[in-house]
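Let's take a walk through this protein together.

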Amino acid sequence: MPETQSRFRRRLALYYSVFTLSLFGFIGMMGLLERSNSDALWLGYVFLFVTIAIYACIGLICRTSDLNEYYVAGRRVPALYNGMAIAADWMSAASFIGLAGILFASGHEGLAYVMGWTGGYCLVAFLLAPYLRKYGGYTIPDFLAARYGNGKPGGNLPVRAIAVLAASLCSFVYLVAQIQGVGLVVTRFIGVEFAVGVFFGLAGILVCSFLGGMRAVTWTQVAQYIMMIVAFLVTVSMIAWKHHGDPLPQVGYGSMLARIEAREHELRNDPAEQAVRASYRQQAIDLQDRIARLPASFEQERAEIAERLQELRARNAPLREIKALERERAEYPADVAAAQLQWNQMREEALARSRPAVSSTEPFPAASAEERKTQRLNFVLLVFCLMLGTASLPHILTRLYTTPSVKETRKSVAWALFFIALLYVSAPTLAALVKYEFFEHVVGMPFADLPQWVNQWRKVDPPVFGIRDVNGDGIVQWAEILIQPDMIVLAAPEIAGLPYVISGLVAAGALAAALSTADGLLLTIANALSHDVFYHMVDRTASHQRRVTTAKIVLLGVALFASYVTSLRPGNILFLVGAAFSLAASSFFPVLVLAIFWKRTTAAGAFAGMVAGLGVAVYYIFVNYPFFTRITGIFGNRWFGVDPIASGAFGVPAGFAVAIVVSLLTPRNAPVIDRLVTYLRKG
C-alpha cells in the first residue's frame, strides 16, 4: 500500500510538472504570435477555449460511477495536492477578481477580507479539520445528523434537513457570485451579452463536475490553481518590472504607497476635482428635491419625457436622439414607489461621489466621529463573519474528507494556507500598481487622448467602468471616473500597457478561479440533495449507481437555476460572497463547535440553533440589501449601523445562545453520542 501510494504521488508530480511547463510554453508561443500579428483580440478566445478544453479533458478522464470516488475522491488525495485543491476551491472569483479591486477602491478597509479569510483557515485547522476527517462521512449534514442522531441508523432527520437547507442556501449564493464572475470574463473577452456569457460559463463548470464528481473536480482544481497563481504573479511582476524596474514588488511597494498617498492629497485639494464633487453634491440636492415633491415630480417628469419625444418625432429629429429618449422613457420608474427607490439610490450614489476619494493608507476616513465609529465596527464584524464563515463553508469542509488520514488533513490545511498566501500577499501590490497607473496615465489627461482600453471597458455590460466630463473642462478628474472593483484585475494588463497575451492569461486565471469554486459548490449542493435527502429521507434502498445518477441530475438542475438567477444581476461579486460567509457562519459554526467540544448539546438544541442563526442572518439581509428591498418594498433599520454583508454578527450569537439554552432544557443524548464525541476528540 505505501508503495502504491508512492507511485501515485510520483505520477501526480510528473503530470502537473508537465502541465506547468506546458503552460509557460503556451504563454511564450502566444506572445510570439501576438508580435507577428497586430490584431491580438483573438488571444482572449484562445486562452478561454483552450483552458476550458483542458479542464474538460481532465473531467472526462476522471469520470466515475463509484460512490466513494464521486463523493470524496476515494479518500486518497495527498496533502500537497489537496492543499492546492482547497486553495483553488477557496480562491474564488472574489479572491482573484474582487480582492485587489476592493483594496483599490477602499484601501485599508479591504484588508478585512485578507485578515478574515486567512484567519478562518486557522480556525479550520485547530477546531474542525481533524475531527471531521476522523469521523469520515460524505457531507457536513451527514456528520451533524450522526452526531445528534442518538444512534439511529440514518441519524437525526430534522437536523439533517435543516443542515441540507443551510448548506444549499449558502452554497447557492456563493455559486451565483462565481457564475457572475464567469459571465463578466466571457463578456469582456468574447464580446457576447452578459446573459449569454453566463450560460457559456455554465458549460465550462459542468464538464468538470458532471461526469466525475469530487474525483474529477479535485484533479481539475489542482490544474486551475496552477493556472490562476501563474496568471496573478506573472501580471504583478510584469507591471512592476515595466514601470518600476522591480520584478518582486510584494517585498517593497511601500515607497509606491507613499507616492500614491501624496497624489491623493494633491487631488483632494485640486480646484477642478472640488468642482466635480460640488457638481455631484448639487445633483444629490436636486434628487432630494424630486423625492420631496413626489408624487407630483414623478408625473411631471414622465409627461415632460413624452412631450420631448413627441416633439423630436414631429420635427423628424435624428434617429439616434429618438432612440436615446425612448430608452430613457423605458428606463423611467414604473410607479411612484419605484421612483422613490430609484431616486434614493441615485442620491446616495451622488453623495458618495461628492465626497473626497478614500485614502489608500488612512483608515476610516469618514467625515464625522460617529461615522468613523460605525466604519470601525463594520470592519471588525466583517473580519469576524469572514473568519467564522471560512470555518463553516460546506464545500471547503467537504474537502477534508478526501485525504487518506487525519495527519494528511492537517498537512493539507497548512499547504492550503501557503498556496492562498501567495495570492493574498500579491493582491494589495496589484491594487497599488493599478492605482498608480491611473494617477500617472489617466487622471489629468485630455478626454481626446484617452488610451484605447478605456473605450473597450466602457462597452462592457453590466457596466463596470465609466468616465464622463462632469465639469466640461475636457480634462479627466479622479472624481469623474466610475470604477467597479470587479474590473481592476481583468483590466490591469491593459491599463499598464502590457501585451494582450497577458490579458488573455489573466482572463484564463479568473475563469479558473470562478470555475474551480463553482465546481465545488455545485458538487456540495448536489451531494447534499442526493445523499442526505434522496438516500436518507426518500429511498434507503437506492443502489450506488442510482445515487450517483441522482446526484448528476440534481447537479445539472441546480446549475441551470443558478445561471438564471445570475442573469438577474442580484449584486456585486464581493457582496454575494460575503453574504454566503455570513449565512454559513450563522448556520454551521455554532453547531459544529458544540458538536465536537460540548457533549451536552442535544439534537433539539442543534436544530433550534441552526434555525435561529440562519433565520436571523437571512432576515437581516432581506430587509437591508437593496436587491431585495427593490423587489419587496420592505425596508428595515440597520442594527447599530451594521452592513448586511456582516449579518453573521447577529446570526452566530443567536445560533450559540439558542442551541445552548434549548440543549439545557431538553433531555441528554444517548450514551453512544458521548462515546462518539470522545472518539473524535481523542488523539
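Leaving aside residues up to four places away in sequence, G74 touches N68 and E69, where contact means heavy atoms within 4.5 Å. You'll find G74 in the loop between α3 (67-72) and α4 (79-90). Helices here are DSSP runs of H or I with at least four residues, strands are runs of E with at least two, and both are numbered from the N terminus. G74 has 19% relative accessibility, so it counts as buried; buried means under 20% relative accessible area, exposed over 50%, and partly exposed in between, using a 1.4 Å probe and protein chains only. Now look for M214: its C-alpha atom is 8.8 Å from that of G74, though the two residues are 140 apart along the chain.

A quick word on what you're looking at. This is a predicted model, where local features need pLDDT of at least 70 and side-chain atom pairs count only at pLDDT 80 or more, while totals for chains, interfaces and linings use all residues. Residues are numbered from 1 along each chain as its sequence is written, and side-chain values use heavy atoms, with hydrogens and water left out.

Next, find helix α2 (residues 42-61) and helix α10 (residues 213-244), whose axes come within 8 Å and cross at roughly 155°. Axes are lines fitted to C-alpha atoms, for helices over the stretch in contact, and angles run from 0 to 180 degrees between N-to-C directions. That angle makes α2 roughly antiparallel to α10, a label for angles over 145 degrees. Who meets whom here? On the α2 side, T51, Y55, I58 and G59 meet A216, W219, T220, A223, Q224 and M227 in α10.

Now for the rings. The whole structure holds 28 aromatic pairs, meaning rings of Phe, Tyr and Trp (its six-membered ring) with centres within 6.5 Å. One of them is F298 with Y332, a stacked pair at 5.4 Å centre to centre and 20° between the planes; stacked means planes under 30 degrees apart. F298 sits in helix α13 (residues 296-314) and Y332 in the loop between α14 (319-331) and α15 (336-354), so the pair ties together parts 34 residues apart in sequence. F298 is buried at 2% relative accessible area, and Y332 counts as buried at 13%. Elsewhere, ring pairs link F104, F438, F439, W453, F465 and W478 into a cluster.

Finally, step back: the protein has 27 helices and 2 strands, and 57% of its 683 residues count as buried.

Conventions. Parallel < 35°, antiparallel > 145°, perpendicular 65-115°, else oblique. Phe/Tyr/Trp six-rings, centres within 6.5 Å; stacked < 30°, edge-to-face > 60°.
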